[in-house]
Every structure is written in structure tokens, then in C-alpha cells.
Amino acid sequence: TNDLVSVDQFNNQDVMAILHQAQAFQAGATVQLKRPTFAMNLFFENSTRTHTSFEMAERRLGLQVLAFDPKTSSMTKGESLLDTLKTIQAIGVDLAVVRHPQNAYYRPLVQAGLGLSLINAGDGSGQHPSQSLLDMLTIYQEFGHFDGLKIAIVGDISHSRVARSNMELLTQLGATVYFSGPKHWITNDFTAYGTYQPLDDLVKEMDVLMFLRVQHERLAADSNAAFDAADYHQRYGLTLARAAKMPAHAIIMHPAPVNRGVELASELVDAPQSRIFQQMTNGVYVRMAMIAQLLAHRGLVNVDQLEV
Ligand code: CP
């Protein structure tokens, strides 16, 4: 394939191939590019982790990274995203990584059959495939399998591309998904993937507690005005008292950025059960694997025998 835009593209074998390649990169594997290869990261929504770790992954693979700033690009003159990608392709960019607030922005780009490789770094409340794969790597490193794991996704689910991507991949891989948080944030499209339970019941049973950021930038103004952080934390957050009831082997995950003291008690972000910073580290290796697969498809690298 020339694009990685949604977890719908991955069967279990594809997921495991990426996780194993990511582990090889983590162990020091390298690839040899067959010619100079150029990447551009086009972020139309703010990002720290995804943007930085894609750039880190590109540089570690030996790609040359060209800067792109939406505010000074000719998109401010009305040029479309499709024409922007056609332009950078004509100039010689091989890989475009795009984050955009519009759900499924990538469909017309994929349909256009662009000659460059495309990775979706997050579309609105749609998909976040690289986040999902780094979450899968974190869980796989911890447990060595997915089958039968109990995993709760808690919080601002309806706005979350992370929740959408993860509930799909986790159920496909054999885990059982549960949801918790404010019930009005758990819409019908989620109920096919898991059941709602109060957080106090889930904390005692789960192997993984995955919390989601309250996405104030996607909430209506009146919902933001009514939002009470301390009340949310007591009702739907991982308080220290709730965390004390987790099984000894259970882990805490969060895609971050974390609203400390809201989704999680601040101390828990850095606690031994937290895998939040490991998730970020894993993001570099998973993104190296995703990029390497796309470049291999175009004959720009060979990934059959990753060198350690
Ligand atoms: N988890 C995540 O996507 O973080 P950023 O928005 O900082 O990239």
C-alpha cells in the first residue's frame, strides 16, 4: 500500500508485523535507503508527541525532513490540501505525514492516487493509527499477547480518534473492551465494541486502564463553561483511592497530553503502574516501522531482514 490512514487497513498479521519491526528498530536495527528520501510533516492541528516522534522516526531512518508551516503555506491563499500534496510530490517529497481536524480528510487524497506515501497522523475524531499501533506495542511488551486481556477505555470517548482506533484493533486482536466515563460521551457506534461499566467496578478487574484526555477544543462552549475538573476527577478519573484497588499486574495508559488531576491524579502519571512515557518512546519505533513498510512498498528500502 501507498498509504496508512486507518486501522481498518490492518489484519492481525499486519499489526504483528509492524510490532515486530518496531521491536527490531528498538533493538537497534537499521535500514539502508536506496536513494535520498524526503519527508514532510503537515500538521493542521497542534501536536507535541506525534509530530516530534514522526520527525525523530524519519531522521533515524535516514530521511531528510522538509519543514511545512500551514500558517505560511499557500493554503492561506486557498490552495487545497490535495493540490498542496500534488505540489510537494512534484517538488520531490516521498512521504507526507498529515494531521487535520476534518474526519476522513484523507479519502480524496487516497482516491487521487498520489505518487507519494501518505500517513494519517490523526483526523478529527476519526482515526489515529500510529497512536493505536504504539498502544498495541505497549500492551504487547507488557503481556506478550492480546487474547483475553480486559481493557477499559475511559473518558471523552465520543471525541476520541484514539478510542475509535483502539477499540477496533483491540477487539480484532482478541481483547475484551469496556468503556467508562460520562455516559453521554459513549455513543451508539461504540457499543458494538464493548460494554459500559462504572469505573469503580472496572478498576478491580482490568489488565489495562486506558484514560482519554477531555478534549476541551472539541467541546461546545456551554459544555466547557459547565465543566468542573474536580467533580470530573471524583466521578470518572483515576483517583489515588481507585488506583489502590487495581490488580498488582495492571497498567495505566493515556495517549497524552494528560490533564493532570482530571483524568488521572497527577502522581499516577509518573507512578510505577503508568506506561505513559513508555507509550511515547514506543511511538518512535512504531512510526519507524510504518514508514519503513511504505518505503519498502515503493522499493526504497528492504525490510525483509532488518539489521540489528
Ligand atoms: N497523543 C498524541 O497524539 O499527542 P500529540 O497531540 O501531542 O501529538
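Which residues does Arg161 touch, not counting residues up to four places away in sequence?

Analyst: This is a predicted model, in which local features need pLDDT of at least 70 and side-chain atom pairs count only at pLDDT 80 or more, while totals for chains, interfaces and linings use all residues. Residues are numbered from 1 along each chain as its sequence is written.

Leaving out residues up to four places away in sequence, Arg161 touches Gly122, Asp123, Gly124, Ser125, Gly126, Gln127 and His128. Two residues are in contact if their C-beta atoms, placed from the backbone, lie within 7 Å. Arg161 lies in helix α6 (residues 161-172); helices are DSSP runs of H or I with at least four residues, strands are runs of E with at least two, and both are numbered from the N terminus. Arg161 counts as buried because it has 23 C-beta neighbours inside 10 Å. The cut-offs are 20 or more other C-beta atoms within 10 Å for buried, 12 or fewer for exposed, and partly exposed in between, with C-beta atoms placed from the backbone.

The UniProt annotation "binding site", from an unreviewed entry, covers Arg161 together with Lys77 and Arg213. These residues are spread over 137 residues of sequence and, in space, up to 33.6 Å between C-alpha atoms. UniProt positions follow the numbering used here, feature names are shortened, and annotations may be inferred rather than shown by experiment.

Lys77 lies in the loop between β3 (64-66) and α3 (81-91). Lys77 is exposed, because 6 other C-beta atoms lie within 10 Å.
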